[in-house]
Amino acid sequence: MAFTPRVFSGIQPSGDLHLGNYLGAIRRFVPLQDTHDCIYCVVDMHAITVWQDPDDLRRATREVAAAFIAAGVDPKRSIIFNQSQIVQHAELAWVFNCIARMGWMSRMTQFKDKAGKNSENVSLGLFAYPSLMAADILLYKATHVPVGDDQKQHLELTRDIAAKFNNDYAASIAKEGFEPDFFPITEPLIAGPATRIMSLRDGTKKMSKSDPSDQSRISLLDDADTIAKKIKRATTDPEPLPETVEGLKGRAEADNLVGIYAALSDKTKADVIAEYGGKGWGTFKPALAELAVAVLAPIASEMRRLIDDTTAIDAVLRDGAERGSVIAEATMKDVRRIVGFIR
Ligand code: TYM
């Protein structure tokens, strides 16, 4: 069956958004609006898999929505909402909890990283996290999911859940008169020079909301001065930039900064090397700082303006939820019939 090309992606409202979230995900959401129906979700139910102060959660939820809009997601063309407003996410996640196998979930590296040695004491929600993520995507029968590289394994699990649902319920799907591939096998969109932005302090670690060092990341709400300082202080090796892209191999910090420059200017790493190959950090870092400020400062100022108007942001989220729930309920109606739930 041909599914309508539809994009879904989600961002957790936990901590401050950073350059990795922007380049790996949010910036890439914008052009997809020209070719696909797009649904962009603030996944507040995912956020509470680890403790969130309720006031912080509300603030961060509005901040993510503001970032979507400030970056160029159009709330009229696309659907923007927070996950908890559409209860069908939880309902489908439960069905998927009964499809996914313990073994599949136990292999999730993000769970293992987050739980660490403390796995007896983390929430059950954290373990079931990827099943709710599959529900987010498949509730809308999304065909494409733009994300950073760290979400790859979760998307493979989403495909496994879709395939197992289609297979386990094949007889019922046929009996109820649906196409055999009831859920699509979703394509991850993980591409470009910024699928994995690294920490500015340590080129072997991912830029992340949870890194204790604020110097490791550029936050979307950092002011121009802070952005420039963080880039100028970023850890690098002493060598000048290589003359070829291949020369970036084994030079994690250089590769990261070139990738950031490329993503911010919609170029390839090869384009950036063509311009800056052989130049030293004293030339490249100020150029990168200037570019980053030129791109990020207008987004930050628009975000601040939007965040101050909570009534307007909440209205966007409510409107998105109303539109999204029409699609979500249509899918759940069919799922209930397929599974055998009486209504
Ligand atoms: P989250 O909130 O951790 O991150 C949001 C998006 O930012 C990307 N990202 C990065 N990209 C490049 N470099 C980095 N250093 C970096 N850090 C984060 C993430 O890959 C992601 O695209 N599980 C998801 C949220 C989610 C979701 C979904 C995504 C829930 N349901 C359905 C897609 C579809 C997460 O925790 O993202």
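## Close-up views of the cavity, the pocket and the ligand

**View 1. The structure holds 1 cavity of 30 Å³ or more.** A cavity is a set of points, on a 1 Å grid over the protein atoms alone, where a 1.4 Å probe fits but cannot get out. The model is predicted; local features need pLDDT of at least 70, side-chain atom pairs count only at pLDDT 80 or more, and totals for chains, interfaces and linings use all residues. Residues are numbered from 1 along each chain as its sequence is written, and side-chain values use heavy atoms, with hydrogens and water left out.

View 2. Two or more of the lining residues come from each of α6 (109–115) and α7; helices are DSSP runs (H or I, at least four residues) and strands are E runs of at least two, numbered from the N terminus. The lining divides into 4 nonpolar, 2 polar and 1 charged residues.

**View 3. The largest pocket.** A pocket is an open set of grid points with protein on both sides within 12 Å along at least five of seven lines. The largest pocket contains about 1100 Å³ of space. It has 42 lining residues, and Q12, Q110, D150, Q151 and K206 lie nearest its centre. By class, 14 are nonpolar, 20 polar and 8 charged. The space taken by the ligand is this largest pocket; a molecule sits in a pocket if more than half of its atoms lie within 2 Å of its grid points.

**View 4. The shell around the ligand.** The ligand is surrounded by 28 residues, with Y129, D136, G148, D150 and I197 the closest; a residue is near if one of its heavy atoms lies within 4 Å. At least two residues of this shell come from each of β1 (6–11), α1 (19–32) and α7 (124–139).

View 5. A polar contact is a pair of N or O atoms within 3.5 Å. A ligand nitrogen atom lies 2.7 Å from a polar side-chain atom of D136. For G148, a polar backbone atom is 2.8 Å from a ligand oxygen atom.

Conventions:
A polar contact is a pair of N or O atoms within 3.5 Å; within protein, one must be able to donate a hydrogen and the other to accept it, and residues adjacent in sequence count only if both atoms are side-chain atoms. On a 1 Å grid over the protein atoms alone, a cavity is a set of points where a 1.4 Å probe fits but cannot get out, and a pocket is an open set with protein on both sides within 12 Å along at least five of seven lines; lining residues have an atom within 4 Å of a point. Grid points are joined across faces, edges and corners, and a volume is the space filled by probe spheres set on the points. Ala, Val, Leu, Ile, Met, Phe, Trp, Tyr, Cys and Pro count as nonpolar, Asp, Glu, Lys and Arg as charged, and the others, Gly among them, as polar.
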